[in-house]
Amino acid sequence: MIFEDKMTINAPAARVWDFLLDPNCIASCMPGVENVTQIDDRTFDAAIAASVGPIAGKFSFRAHIVESNPPTEMAAEVDGIDSVTKSPLQAKMAMTLEPLGPEQTALAYRATVDVKGRLAILGEMVLRATATLIVQEATRRLRAQLEGTNAGP
């Protein structure tokens, strides 16, 4: 599955970059994320509670920044497994930041997500619907926190 979008955030690029590098800031944007542990400056472990169709459980995962060109480009990989079906998940993500002015930044992202095992049997449509809801909420929270609005988590 591929997820991609571009948004404008009313915050300077350096602030957006710093926010994206902080695992606790990112975790605060993602619904269901818990137990964030920073391993080093490029790696962190966490878990996310989610329901996919009739299956509810937690994905334990490790995220690792594999490429970084501050403050404009970043690539990361995520490997995880869910607690119920033991289905593995792998994702590759890329983000780019483009300053649009001193207080405005364009953030573009692309994520390729591969789920295998019993969760994959549910079908791409169910997985995509669940992931889309999580991404939409994370985007809303990210914008709210960076722009200082009251729509935070």
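Q: In which loop does Ala 11 lie?
A: This is a predicted model, in which local features need pLDDT of at least 70, side-chain atom pairs count only at pLDDT 80 or more, and totals for chains, interfaces and linings use all residues. Residues are numbered from 1 along each chain as its sequence is written, and side-chain values use heavy atoms, with hydrogens and water left out. Helices (H or I, at least four residues) and strands (E, at least two) are DSSP runs, numbered from the N terminus. Ala 11 lies in the loop between β1 (2-9) and α1 (13-21).

Q: Is Ala 11 buried or exposed?
A: Buried means under 20% relative accessible area, exposed over 50%, and partly exposed in between (1.4 Å probe, protein chains only). The relative accessibility of Ala 11 is 1%, so this residue counts as buried.

Q: Which kind of aromatic pair do Phe 44 and Phe 61 form?
A: Rings of Phe, Tyr and Trp (its six-membered ring) pair if their centres lie within 6.5 Å; planes under 30 degrees apart count as stacked, over 60 as edge-to-face and the rest as tilted. A search of the whole structure finds one aromatic pair. The ring centres of Phe 44 and Phe 61 are 6.3 Å apart and the planes stand at 75 degrees, so the pair is edge-to-face.

Q: Which strands hold Phe 44 and Phe 61?
A: Both Phe 44 and Phe 61 are buried. Their pair ties together parts that are 17 residues apart in sequence, because Phe 44 lies in strand β3 (residues 43-52) and Phe 61 in strand β4 (residues 55-69).
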